[in-house]
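Please look over the sequence and the structure shown here before reading on. The report that follows takes up single residues, strands and domains in turn.

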Amino acid sequence: MIKRRKTITVKAGSVKIGSAWPVVIQSMTKVPTVDLARCVRQVNKLAQAGCQLVRVAVPTRADTAAFAKIIQKVAVPLIADIHFSARRAIEAIEAGAAKIRLNPGNIKDRESIHRIIDAAKMHKVAIRIGINEASIRDLRAQDVSPSKRTALMLKEMKKYVRLFEERSFTQLVLSAKSSDTWRTIEINRIIAETCDYPIHLGLTHAGLPEDAQVPSAITLGALLAEGIGDTIRVSVAGDPIEETRIAKQILIALGLHKCSRPELIVCPTCARAQTDVIKLARRVKNALKGVDKPLRVAVMGCIVNGPGEAADADLAVCAGKSKAYLYRKGRRISIVPEGKIIPRLLKELKNL
Ligand code: SF4
């Protein structure tokens with residue numbers, strides 16, 4: 001069991017962020033915000049995939065105007081992603097953002113930040129202070145050592161937090177991102193020790209989905225396993241549904257997210273396999289698509305090791321030559337010919 005680091009609760013619309021609540025999955029839209037229909041479609045698809053907060057970039061006045069309309073058409077709370085403009089931040093807050101993501105380092109002056117804080121306070125909107133290693137001017141030089149980088153990021157974060165606290169604003173979520181695994185882990189560990197605000201985790205510029213998956217899982221997984229992290233976003237250069245899928249898998253693997261769908265376990269196959277295990281697993285996976293129960297289903301390639309390895313599965317298919325042995329919770333219930341495996345499996349699922 002993971003012992004979460006204790007934090008305050010921050011409300012982003014109907015979603016609560018903090019150690020008293022499950023870790024929240026976030027993603028971001030990747031279509032122009034002004035393209036209302038596409039943006040609404042993408043937000044809804046993300047929500048359906050399990051994304052609980054969706055961030056939308058609002059770089060122009062037209063974007064904040066569209067943002068206001070999108071909010072009315074979707075069920076999931078939206079976060080406005082702000083860079084450089086206090087005016088956009090205030091427009092997004094007034095439009096009904098559940099939260100805004102702000103890098104105070106790129107807002108021109110202290111007065112502008114104060115105006116954003118005051119608007120957020122008045123409308124009860126949470127703010128994420130999001131700093132990025134790449135956006136800290138002093139860190140752009142190549143020769144800054146890793147420890148100096150972490151120290152400068154921390155100094156920057158502390159400076160911004162003070163700015164908000166001085167104005168009695170505490171509905172804060174903090175994030176410090178880097179494209180480097182170790183630095184992301186290190187800076188978040190330090191931030192976790194210095195405050196009780198919820199932390200948003202992410203690894204920036206993680207790459208194409210196939211390249212981003214492992215570094216994101218390692219970075220976010222290491223921190224989450226230590227109890228650090230209250231909301232996560234996996235960044236990939238690709239479909240945001242992939243971001244949600246990977247985020248969910250990380251949380252499920254750590255026991256931080258309850259799976260509402262069947263979990264499919266497949267043996268890695270070896271020379272003992274008596275059938276094409278991967279082909280069979282794909283057929284089973286397809287058959288499970290409409291099932292929304294948190295069951296464990298195993299597909300094993302032989303009956304030598306298969307039944308033992310799948311003993312804790314609710315249902316296991318252990319392949320033999322032109323037939324399969326079906327197990328329910330470790331107990332053999334029948335032998336079925338190859339062509340009947342899927343219908344029989346579905347029947348057993350129904351019984352469960
Ligand atoms: S279940 Fe059988 S086929 Fe699959 S990896 Fe284990 S021994 Fe090999």
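Does F84 count as buried or exposed? F84 counts as exposed because it has 12 C-beta neighbours inside 10 Å, where a residue is called exposed at 12 or fewer other C-beta atoms within 10 Å of its own, buried at 20 or more and partly exposed in between, with C-beta atoms placed from the backbone.

## Basis of the model

This is a predicted model, in which local features need pLDDT of at least 70 and side-chain atom pairs count only at pLDDT 80 or more, while totals for chains, interfaces and linings use all residues. Residues are numbered from 1 along each chain as its sequence is written.

## Overall layout

The protein has 352 residues, and buried residues make up 40% of them. Its secondary structure comes to 11 helices and 15 strands, these being DSSP runs (H or I over at least four residues for helices, E over at least two for strands) numbered from the N terminus. Taken along the principal axes, the C-alpha atoms fill a box of roughly 75 × 45 × 35 Å.

Two domains are given, domain 1 covering 10-253 and domain 2 covering 263-351, with bounds that come from an automatic or database domain assignment. Their C-alpha centres lie 41 Å apart. Of the contacts between residues at least 6 apart in sequence, 63% join residues at least 24 apart, a contact meaning that the C-beta atoms of two residues, placed from the backbone, lie within 7 Å.

## Strands and sheets

An open sheet of eight strands runs in the order β8-β7-β6-β5-β4-β3-β10-β9 with parallel pairing, two strands being paired if DSSP finds at least two bridges between them. Because β8 (172-177) and β9 (200-201) stand at the edges with a single partner strand each, one side of each has no neighbour in the sheet. Within this order, β6 (residues 99-102) and β7 (residues 126-132) run parallel and are joined by four bridges, and I100 has I127 in β7 as its bridge partner.

An antiparallel pair is formed by β14 (residues 323-328) and β15 (residues 331-337), which share six bridges, with L326 standing opposite S334 in β15. Strands of a sheet pair through backbone hydrogen bonds, either parallel or antiparallel.

## Nonpolar cores

The largest nonpolar core has 67 residues, of which A80, A92, A97 and I100 touch the most other members; such a core is a set of buried Ala, Val, Leu, Ile, Met, Phe, Trp, Tyr and Cys residues joined through C-beta atoms within 7 Å. Leaving aside neighbours within four places in sequence, A97 is in contact with L78, I79, A80, A92 and V125. A second, separate core of 23 residues includes V277, C302, A316 and C318. In soluble globular proteins, nonpolar side chains tend to be buried together.

## Two buried residues

L224 lies in helix α7 (residues 209-225) and counts as buried because it has 23 C-beta neighbours inside 10 Å. Not counting residues up to four places away in sequence, L224 touches I2, V23, G229, L254 and L256.

V297 is found in strand β12 (residues 296-300) and counts as buried because it has 25 C-beta neighbours inside 10 Å. With residues up to four places away in sequence again left out, V297 touches P262, L264, V284, L288, A313, D314 and L315.

## Surroundings of the ligand

Around the ligand there are 13 residues, the closest being C267, C270, G301, C302 and N305, where a residue is near a molecule if its C-beta atom, placed from the backbone, lies within 6 Å of it. By class, this shell has seven nonpolar, four polar and two charged residues; Ala, Val, Leu, Ile, Met, Phe, Trp, Tyr, Cys and Pro count as nonpolar, Asp, Glu, Lys and Arg as charged, and the others, Gly among them, as polar.

## Positive phi values

Most residues other than glycine have a negative phi, and most peptide bonds are trans. F84, in the loop between β5 (78-82) and α3 (86-95), has a positive phi near 70°. S322, in the loop between β13 (315-320) and β14, has a positive phi near 55°, and S322 is exposed because 10 other C-beta atoms lie within 10 Å. K329 takes a positive phi near 45° in the hairpin of β14 and β15, which has two residues between the strands.
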